[in-house]
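Thanks for coming. Please have the structure open.

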Amino acid sequence: MMIIAVASGKGGTGKTTVAVNLALSLSNVQLLDCDVEEPNSHIFINPVIEEIKPAYTPVPTVNYERCDYCGKCAAACEYNALVVVPQKEVMVFPELCHGCGLCSMVCPQDAIREEPREIGVIKTGKNSDGNIDLVYGVLNIGEIMATPLIDQVKEELNQEKPVIIDVPPGTACPVIAAVQGSDYCMLVTEPTPFGLYDLRLAVEVLRVLKIPFGVVINKAGIGDSGVYEYCEKEGIQILLEIPYDKQIARCYSEGVPFVQEKPEWKERFAGIIDKILKKKKC
Amino acid sequence: MKQITVISGKGGTGKTTLVASFAALVENKVIADCDVDAPDLHLLLHPEIIKKEEFKGLKVAVMNKTLCTECGMCEEACRFNAIALTEESGYAVNPARCEGCGACVFSCPQEAIVLKERVSGYTFISKTEYGTMAHAQLNIAEEASGKLVTVVRNHAQQVAEKEQRELILIDGAPGIGCPVIASLTGVDLALIVTEPTMSGLHDLERILDVTSHFGIDSIVCINKYDINEENSRRIANFCRQRGIEVVGNIPYDSVVTEAMVAGKPVIVFSEGAVSDAIKDVWKVIAKNLGGISSN
């Protein structure tokens, strides 16, 4: 089954709008909200939560009965997450630790054990019609490790169904973690200079990752023609245009997926999938 | 010297629009764009680069294929799924996933892997019409954006000391994670720009939890307040309950997009309700910061 990521360089262009309305326009899909810093899909899906489980990343703890303060762990750590105070203690800075496990590998005394540290939770549920499975991660406040939580949300991926992934904004590590492994990526942009600049960055990311992609233009009618000219020049397919529309904006502000009020859009969203499949065949 | 960071939790609420206008309003400051993976402030301020430096973030594992015996120990050691057996060329490192930890280097019995430094982006110090600006561009598919934010802030601080500025004006990234936290540490005030949508309110709650977690004074500004006035009242009530000051309501106006297309801060581009509201917001912020001189 197909995995479709919905991404954008710039924040607030309409990723969640597209992901949620697309999910509602198809039947029997799984929606993974990988924007674990600020997940919003659940506001629109309003799921009945079936399961909440904590997500962990490993951090080292030191067994002082074995530790001889040799300092090899601190020397090996690329992130400066360990500091050895000779004959006194090994200071661990969990917020710097990437959980790579190298410190426990290098310790000659076998004095380092890894313990799980909670970085967030993963929630699983269904919408009221039962045709969308929603999985979303919620990063703990003050936590910087978004990537391991995103990876764990993606472990819930159901191979039996079409999967839609709501990707965080930007172009850095959390985006890569969310997008990687997708069969196709829809890039949502707005036709403005900010939208265009950040779209170019997102396009470069997908070219590096070798994932096929197309563009959805949201708030069409505002701004200028830069995004259209860029797509034409680069040969990027424009999959759908969603106009800037008061009713759509009001739906969004109220947390209502706009296909519920404008059902004619369901066909247009579902039509994107046909366009993607057709392109894949040729 | 004071520092203010403009953040939002949710993306696209108008952080950069506000920062660009503040840059034009406030006299004695340095500007820092800390949204390093999708920076947009330069599109309004047109910086002329005077200094460019390489940014070295995390290292990357590099494999010597002639020494590799395909034993698979590296793949087993790597927690980031950055090493896999490929059909074409045996074991290969995926640099987009590699966090440069060195576990593979340690595990390899053939000493076939080394860690190398990599250029993860560039930092810039630039001149703009409105003063000196520190900014950066993270390379595509890179890590360590928090570290790059810290470098940009250090540059801004050095410039501010040299030029004897009284304020550093910081444009932050969306979200609540690594780059956002790096843009908040040690600042005097966080301005949170929100919008009257359910997502805006939800994300505001989370970013306020972050600023209070780190003990940073926060104030809120509601952008496009008139697209849903009921939600704007809801946000105002929520802020009141949390003891957070709402420093202004900015109306929705297509002039903001027009200014963006023209490549200008909106208060420079046009006079009107939006520009008036932004100027009023700045007055309250200046008071909160203990007095900052404006143009």
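Helices here (H or I, at least four residues) and strands (E, at least two) are DSSP runs, numbered from the N terminus.

The model is predicted: local features need pLDDT of at least 70, side-chain atom pairs count only at pLDDT 80 or more, and totals for chains, interfaces and linings use all residues. Residues are numbered from 1 along each chain as its sequence is written, while chains are lettered from A and ligands numbered from 1 in the order in which they are written.

Now the helix itself. Which residues of helix 8 of chain B are buried? They are N231(B), S232(B), I235(B) and C239(B). Buried means 20 or more other C-beta atoms within 10 Å of the residue's own, exposed means 12 or fewer, and partly exposed is in between, with C-beta atoms placed from the backbone.

Back to phi. Most residues other than glycine have a negative phi. N28(A), not a glycine, has a positive phi of about 55 degrees. N28(A) is in the loop between helix 1 (15-25) and strand 2 (29-33) of chain A. For N81(B), also not a glycine, phi is positive, near 50 degrees. N81(B) is partly exposed, with 14 other C-beta atoms within 10 Å.
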